[in-house]
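Take a look at the structure below.

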Amino acid sequence: MKAGYYVGDYTYEVRDIPERSAIDDEVKIRVAWCGLCGTDIHKFQGKNGASVVVPPIILGHECSGIVMEVGPECKYFKPGDRVACDPSYGCGKCTWCQQGFPNFCLERHGVVKGFSEYVYPPERNVYHIADSLDLEAAAFTEPLSCSIHGLDLIQIKSGKTVVIYGMGSIGSLMLQLIKYSGASEIIVIEQEAEKRALALELGATLAVTDQEIETIAQEINIDYVVECIGLKETMEQAIRIAGKNGKVLLFGLGDPEKPISFNQFAAYTKELSIFTSYLNPQTSERAVKLLESGLINTEKIISAELSLEEIGDELSTLKYARKGKVMVYLSKDH
Ligand SMILES: [Zn+2]
Ligand SMILES: [Zn+2]
């Protein structure tokens, strides 16, 4: 089977590797779609994603597909089932897993390398999806589950003002989730006019540039800021523009070499809370339900549908990733 590897040194390669049968409680899935994630791009650029990277590694972790075969201990799946995956699980035994924080597991198992024709996750990582849910949309399960976890942390109250940075794929998902939180004002900060228009279409009440928000922040109290870009400048501005009692969620994956700074005195006078969010503990099921409900528009977020081979070029140019979500098709016959 074909698989898309990051082999180190800014190089991506499609390799032919042996296909095998499902063992134990594994579910062998023929991958339909896999999203290209910001962390894949980070890995390609020699930075760590959510964990330390040692190439060669198969990229991709946001996939959906059809069950081809199940291992002998598998109870809940059968060939032909349509499914989405959660790419990792906690050991269940370490101190963090015991405390209910599988995202901090000391020996986290990554079990879905989605840039390959088949993946073999254990059934605990596999989720049934409704027949009505398109497989391409189902591949948004993981990024949506991460967004849900982030928003669970800040607990947005209805009738409040929320600012979102960036209309990339995560910002676009966040915006739609925040819309249903009952926020009365949702302001999206985005430099590109085209994406500001998309923000308004997806439910923002206002879409402005980072210069414009400085003035707005003088006039109204910004209760929540959700930063989905990860640049030093935008993260620092996010903290600066947040109002009294503000909560800032730094969701965008920042560069570990570029730590941010902020005025702690200004933060003190606002009683500011700063949150970060790591992975997607126990939120995959909710992500699937939301996608099935049709409340989340994924179509408008997708900027390109590429083959495994075309991803090499995309990783070095980011031509489409800059515009939205890049989806990789592994098999087109379903
Ligand atoms: Zn991801
Ligand atoms: Zn653990």
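## What buried means

A residue counts as buried when its relative accessible area is under 20%, and as exposed when that area is over 50%. Keep in mind that this is a predicted model.

Helix α6 spans residues 193-201, and its buried residues are Lys195, Arg196, Leu198 and Ala199. These four cover an arc of only 160 degrees around the axis, so they lie on the same side of α6. The other side of α6 carries the exposed residues Ala193, Glu194 and Glu201.

What lies over the buried residues of α6? The cover includes α5 (169-179), β12 (185-189) and β13 (206-208). After α6 comes Gly203. The phi of Gly203 is positive, near 120 degrees.

## How α4 meets α10

Two packed helices are described by the angle between their axes and the distance between the axes. Here the pair is α4 (residues 141-154) and α10 (residues 284-293). Their angle is about 110 degrees, and their axes are 8 Å apart. Angles of 65 to 115 degrees count as roughly perpendicular, so α4 is roughly perpendicular to α10. The crossing of α4 past α10 is right-handed.

Which residues make the contact? From α4 come Thr141, Leu144, Ser145, Ile148 and Asp152. From α10 come Ser284, Arg286, Ala287, Val288, Leu290 and Leu291. Sorted by type, the residues of this contact are six nonpolar, three polar and two charged.

Key
Residues are numbered from 1 along each chain as its sequence is written. Chains are lettered from A and ligands numbered from 1 in the order in which they are written. This is a predicted model: local features need pLDDT of at least 70, side-chain atom pairs count only at pLDDT 80 or more; totals for chains, interfaces and linings use all residues. Side-chain values use heavy atoms; hydrogens and water are left out. Axes are lines fitted to C-alpha atoms, for helices over the stretch in contact, and angles run from 0 to 180 degrees between N-to-C directions. Helices (H or I, at least four residues) and strands (E, at least two) are DSSP runs, numbered from the N terminus. Angles under 35 degrees count as roughly parallel, over 145 as roughly antiparallel, 65 to 115 as roughly perpendicular and the rest as oblique. A crossing is left-handed if the near helix is turned anticlockwise from the far one by less than a right angle, and right-handed if clockwise. Contact means heavy atoms within 4.5 Å. Ala, Val, Leu, Ile, Met, Phe, Trp, Tyr, Cys and Pro count as nonpolar, Asp, Glu, Lys and Arg as charged, and the others, Gly among them, as polar. Buried means under 20% relative accessible area, exposed over 50%, partly exposed in between (1.4 Å probe, protein chains only). The arc is that of the directions from the helix axis to the C-beta atoms.
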